[in-house]
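Have the viewer open as you read.

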Amino acid sequence: MKVILHAGAHATDGGKLLRCLLRNADDLRARAVAVPGPSRYRQLLSGSLNALDKADPAPDARDILLENILSEDPDSFGRIILSHDHLFCVPKIALGSGRMYPRADERMRNAARLFETDQIELFIGIRNPATWLPAVYAETPHQSFDSFLNGTEPAYLRWSEVIERIQIALPDLPITVWCNEDTPLIWPEVMHEITAIDMRVLFKGGLDIIAQIMEREGVKRLRAYMAENQPTNEIQRRRVLAAFLDKYAIEDAVEQEINLPGWTAELVEELSASYEDDMLEIARIPGVNFITA
């Protein structure tokens, strides 16, 4: 079985990917893809990975976990998708030792031990640290931003460092990465990649993200156009989405106000420029599938 782990990251899609997949769960089940509800596995999965910090997995740990997650015979599925924003850690400890997700590599190594007889894959959406840091901070109990930073310098944070660290721990792990900022244009492709379903199969919710930043009339016209003119490839699909977005985008819909003590416009620009460079680094990492717009 292929075990697909979607690790968020925190403050990216806000659970939208899992909700879209659940809307298509029956169709996916017919294609041997299991998308269990999060209440069936998140606590169990976290508990299992935590236990592996101290001991090796029991011989039947994987089978017991899957039997509790799935209401059907696990052998009837070739692929299971488990989405968990806290797979690496909870938001309050997302920073440490000068890095993002300091235990990401250990957690993925534990996942590989738990699913030793399966092929695991990692999917993760990333976000500009200039907006990611304040958004994740807002999800924590920290009383100050400095406490959340835990001695970390924002200017030195790199998503590529997280990806490379995981890859060093698990050299054969397939990793798919995308930028949260690109999701309006790449959302259908992300859904097809994580399910391994041909792009010609239409998913419910494939236009959910772009619909949030478009005028209602534009969304209506886009849905009608796509129903009559189904794209034959991903490039054509993106051109259609980009054309409608260019005409019907809601002004300032994707802007975010950043209000943190000591943060200047110059710092935000610096972090954003570093993020652009970091995306180029991620694209160069061998074995990483980087979905870009």
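Two strands count as paired if DSSP finds at least two bridges between them. Helices (H or I, at least four residues) and strands (E, at least two) are DSSP runs, numbered from the N terminus.

A word on where this comes from: the model is predicted, so local features need pLDDT of at least 70 and side-chain atom pairs count only at pLDDT 80 or more, while totals for chains, interfaces and linings use all residues. Residues are numbered from 1 along each chain as its sequence is written, and side-chain values use heavy atoms, with hydrogens and water left out.

**The sheet**

Six strands make up an open sheet, in the order S2-S3-S1-S6-S7-S8, with parallel pairing. At the edges sit S2 (33-34) and S8 (288-291); each has a single partner strand, so one side of each lacks a neighbour in the sheet. As background, strands of a sheet pair through backbone hydrogen bonds, either parallel or antiparallel.

| Strands | Bridges | Partner residues |
|---|---|---|
| S2 and S3 (residues 79-83) | two | Val 33 and Arg 79 |
| S6 and S7 (residues 175-179) | five | Ile 124 and Val 177 |

How much of strand S6 is buried? Seven of the eight residues of S6 (residues 119-126) are, so this strand is largely enclosed by the rest of the structure. Buried here means under 20% relative accessible area, exposed means over 50%, and partly exposed is in between (1.4 Å probe, protein chains only).

**A buried aspartate**

Asp 105 belongs to helix H5 (residues 104-114). This residue is buried too, with a relative accessible area of 13%. Setting aside neighbours within four places in sequence, Asp 105 is in contact (heavy atoms within 4.5 Å) with Arg 165, Ile 166 and Ala 169.

**Two helices crossing**

Helices H1 (residues 16-23) and H9 (residues 183-195) pack at about 70 degrees, with axes 11 Å apart. Axes are lines fitted to C-alpha atoms, for helices over the stretch in contact, and angles run from 0 to 180 degrees between N-to-C directions. H1 and H9 are therefore roughly perpendicular to each other, a label that covers 65 to 115 degrees. From H1, Lys 16, Leu 17, Cys 20 and Leu 21 meet Trp 187, Val 190, Met 191, Ile 194 and Thr 195 of H9.

Definitions and conventions:
Parallel < 35°, antiparallel > 145°, perpendicular 65-115°, else oblique.
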